[in-house]
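Here are my notes on the model, as numbered points. Please keep the structure open while you read.

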Amino acid sequence: SASYFKIHIADQRTWVMCRLQLDKKRPIVSVPLPQEKLGALPSNASVAAVPPLWSAITIDSIADLSKLGPLLQLAWDSIKSTKGSD
């Protein structure tokens, strides 16, 4: 897509672990987790719910992506455990 790109689980193109929108003034990282499961985030991040069960994390710059490592690991683990049981 021209407005964002997705990161998929290897060999499972329908298992999306996050979406990145980097073309905005404040980049957005969306993960398939509800807000209550996000854990610790950078202090400058803001979170919005994206139905049905996604969360959109807005960060100040692309450099803040490195601070989201634990969140991306959590999203990866969640997708693997949820989809792997199908």
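1. Leaving out residues up to four places away in sequence, which residues does Ile-9 touch? They are Trp-15, Met-17, Trp-76, Ile-79 and Lys-80. Contact here means heavy atoms within 4.5 Å. Ile-9 is found in strand β1. Strands (E, at least two residues) and helices (H or I, at least four) are DSSP runs, numbered from the N terminus. Ile-9 has a relative accessible area of 3%, so the residue counts as buried. The cut-offs are under 20% for buried, over 50% for exposed and in between for partly exposed, with a 1.4 Å probe and protein chains only. From Ile-9 to Leu-33 the C-alpha distance is 15 Å, at a sequence separation of 24 residues.

2. A word on provenance. This is a predicted model, where local features need pLDDT of at least 70 and side-chain atom pairs count only at pLDDT 80 or more, while totals for chains, interfaces and linings use all residues. Residues are numbered from 1 along each chain as its sequence is written, and side-chain values use heavy atoms, with hydrogens and water left out.

3. His-8 is also worth a look. Its place is in strand β1, residues 5-9. His-8 is partly exposed because its relative accessible area is 31%. Beyond four places in sequence, His-8 touches Arg-13, Thr-14, Trp-15 and Val-16. Gln-35 is 27 residues away along the chain from His-8, and their C-alpha atoms are separated by 21 Å.

4. Turn to the helix. Trp-76 lies in helix α1. Is Trp-76 buried or partly exposed? Its relative accessibility is 31%, so Trp-76 counts as partly exposed. Not counting residues up to four places away in sequence, Trp-76 touches Ile-9, Ala-10 and Met-17. Trp-76 and Pro-32 are 44 residues apart in sequence, with 9.3 Å between their C-alpha atoms.

5. Next, the largest pocket. A pocket is an open set of points on a 1 Å grid over the protein atoms alone, where a 1.4 Å probe fits, with protein on both sides within 12 Å along at least five of seven lines; lining residues have an atom within 4 Å of a point. The largest pocket holds about 220 Å³ of space. That volume is the space filled by probe spheres set on the points, and grid points are joined across faces, edges and corners. Residues lining the largest pocket include Pro-32, Leu-33, Pro-34, Trp-54, Ile-79 and Lys-83. Helix α1 gives the largest share of this lining, four residues. By class, the lining has seven nonpolar, two polar and two charged residues. Nonpolar covers Ala, Val, Leu, Ile, Met, Phe, Trp, Tyr, Cys and Pro; charged covers Asp, Glu, Lys and Arg; the others, Gly among them, are polar.

6. Check the backbone at Pro-52. The peptide bond from Pro-51 to Pro-52 is cis, with omega near 5 degrees. Pro-52 sits in the loop between β4 (46-50) and β5. Pro-52 is also one of the residues lining the largest pocket.

7. Ring interactions come next. The charged end of Arg-19 sits over the ring of Trp-54, 4.4 Å from its centre. The test asks for NZ of Lys or CZ of Arg within 6 Å of the ring centre and within 35 degrees of the ring normal. Arg-19 and Trp-54 are both among the contacts of Ser-30, as are Met-17, Cys-18, Ser-55 and Ala-56, leaving aside neighbours within four places in sequence. Ser-30 is found in strand β3, residues 28-31. With 10% relative accessibility, Ser-30 counts as buried.

8. Two loop residues close the list. Asp-64 lies between β5 (54-58) and α1 (69-84). Its relative accessible area is 6%, so Asp-64 is buried. Beyond four places in sequence, Asp-64 is in contact with Asn-44 and Ile-59. Leu-22 is in the loop between β2 (12-21) and β3. At 28% relative accessibility, Leu-22 counts as partly exposed. Leu-22 touches Phe-5, Pro-27 and Ile-62, not counting residues up to four places away in sequence.
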